[in-house]
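Hello,

Here is the structure we spoke about, with the sequence alongside. My notes on what was found in it follow below.

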Amino acid sequence: MKRMLAFFVLVLATFSASAQPSSCTAEKSLQGRTDILHCEPWSSSTWWQASGYKDDGEKTNPSPASGPDQTSVQTNCFAGGPCLRVNCYAYNNGGCGGMLAHHWTIPGTQQEVYLRYYIRMASNWSPENYCGDPSCIPSGAIGENTTSGGKWPGLADVRTSADPSGQCGNGGAYSDGINCWSGRLRYRNCTGSGGADICTAGGGGETTRIGWYWYVPPASGANNQMFAAFDNRAWGTDMAGSGGTCASDRLNVGSTDSDSTSCGKGAAGLKNSTWYRVELRIKMNTPGVSDGIAEAWISEVSSDGLTDVSTQKYTKTNMRFREVGHDNLHVRTVWLDVHMGGEFNGPLTDSYIELARMVVATKRIGAFKASGSYVSQPFTLQVN
Amino acid sequence: MSGNNNGDAPSCYIYKHTSAPIVPQTITFTAPGSRDMTQYVENYNASTMSLSIIGTLPGGVTFDGETLSASGAATASGLKLQVTPL
């Protein structure tokens, strides 16, 4: 009996110790939290094997991830620690559109997930640095297909051609609210109407706008593959519904040039050679009801990577990700996608982005802190 | 928010927190009543940090991110107050 009890205690202790992944050790502000599902410090050269990443978003029988051949782990690049460099090789250097496309399957059937990561663009980064048309090679110039931009990591529950439903939630296979939805990030240039630079209100030097890249129902072009900017500038964003405001229609996912009526908030644009903290939130809707939530916070990080204050840059509380009768849609994967354009021939010149300190949780994650203490000693509450 | 690339922190970098909340071993009050938990956090700033309780609150006790409120008598032990830098 004592042996059984000891075994039970050992199992319980093991479970408790594994409640937070060991990869979270460096995240001092997360210690003690029980809502942390995954930390990716990108400290191992075989990081994709250690945490069970998958090659794609297949639900039925996903294959373990093979090596991402356009990435490399960098040391001492973010807050004195590692990061993942995702190379964007030029078309004449073996480049292609997709640099990284792994998925990390989120355990459980999560209805609400937060995803945080840090991102930095190379000093020569440009959303216009690619060739979408074979005719621009080799004589093409920066500026071809400039509005298409590309994709960065987000959250999803997609299907591939290996699943019974077939491909859904990417590659032009629209979300029907039954078999898929996806919310990656999309980046694009800062060019607005008449060639105006609409990122200048951010302080100058911005090269890149970002926002959600939605595949959400209905299964039409009205609400799929659309740009939902993390800024209040209307140009290039999608307001396909009625009423003209973010709150008036679930299909209005974009901006209006006003904070009060836009889903996106504030000034546009990110600068090169600067770390930004990105935190995303998805809360699934009641099936068939537009009560889902999408939020995003962005902050510019100080040069030592240790101080920043997040700013809410997107909030929409009438999202619909799934319909009645859906195929157990939830927040199923982190889609670690880094992709230039749709499909094209490659960047014109070598460039890269870097990712650091990714965390997945069921509550607000906040900033990476390598030092400090954030939890009190235990206390007793006595209410008489 | 304005920024720069010369290594200096922009003016909006106002948050710096390195010490854990200091909470008494026992928090006592009478129901119906409440306790402001922000008093236990150095330089508390609602726009740059959020507070949460680690542990299970008893029935009738709620925490709204700043204040513990109770509608009736209750006891709980092993609770912790956590700061999340936003």
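This is a predicted model: local features need pLDDT of at least 70, side-chain atom pairs count only at pLDDT 80 or more; totals for chains, interfaces and linings use all residues.

The angle about the S-S bond is 100°, and the link of A:Cys24 and A:Cys39 is right-handed. Counted over all chains, the structure has five disulfides.

**Where chain A meets chain B**

On the side of chain A, 37 residues are in contact with chain B, and 46 residues of chain B are in contact with chain A. Together the two chains bury about 3,400 Å², of which 56% is on carbon and sulfur atoms. Within chain A, the residues that lose the most area to chain B are A:Phe379, A:Leu381 and A:Val383; together they account for 24% of what that side buries.

How many salt bridges are there between chain A and chain B? The count is zero. Polar contacts are present, however: the rule finds 18 residue pairs across the interface of chain A and chain B, both residues at pLDDT 80 or more.

Two strands of chain A, strand 12 (292-300) and strand 16 (379-383), each supply at least two residues of the side that touches chain B. Strand 16 of chain A gives the largest share, five residues. By class, the side of chain A that touches chain B is made up of eleven nonpolar, 19 polar and seven charged residues.

Strand 16 of chain A also pairs with strand 6 (residues 74-85) of chain B, in the antiparallel sense and over four bridges. In this pairing A:Phe379 stands opposite B:Leu79 of strand 6 of chain B.

**Backbone details**

There are also some points about the backbone.

- The peptide bond between A:Pro217 and A:Pro218 is cis, with omega about 10°. A:Pro218 is in the loop between strand 8 (206-215) and strand 9 (224-229) of chain A.
- In chain B, a cis peptide bond joins B:Ala31 and B:Pro32, with omega about -10°. The loop between strand 1 (26-29) and strand 2 (33-36) of chain B holds B:Pro32.
- A:Trp42 has a phi near 50°, a positive value in a residue other than glycine. A:Trp42 is found in the loop between strand 1 and helix 2 (47-50) of chain A.

Regards

Conventions. Residues are numbered from 1 along each chain as its sequence is written. Chains are lettered from A and ligands numbered from 1 in the order in which they are written. Side-chain values use heavy atoms; hydrogens and water are left out. Contact means heavy atoms within 4.5 Å. Buried area is the accessible area (1.4 Å probe) that two parts lose on being put together, summed over both. A salt bridge is a side-chain nitrogen of Lys or Arg within 4 Å of a carboxyl oxygen of Asp or Glu. A polar contact is a pair of N or O atoms within 3.5 Å; within protein, one must be able to donate a hydrogen and the other to accept it, and residues adjacent in sequence count only if both atoms are side-chain atoms. Ala, Val, Leu, Ile, Met, Phe, Trp, Tyr, Cys and Pro count as nonpolar, Asp, Glu, Lys and Arg as charged, and the others, Gly among them, as polar. Two strands pair if DSSP finds at least two bridges between them. A disulfide is a pair of cysteine sulfur atoms within 2.5 Å.
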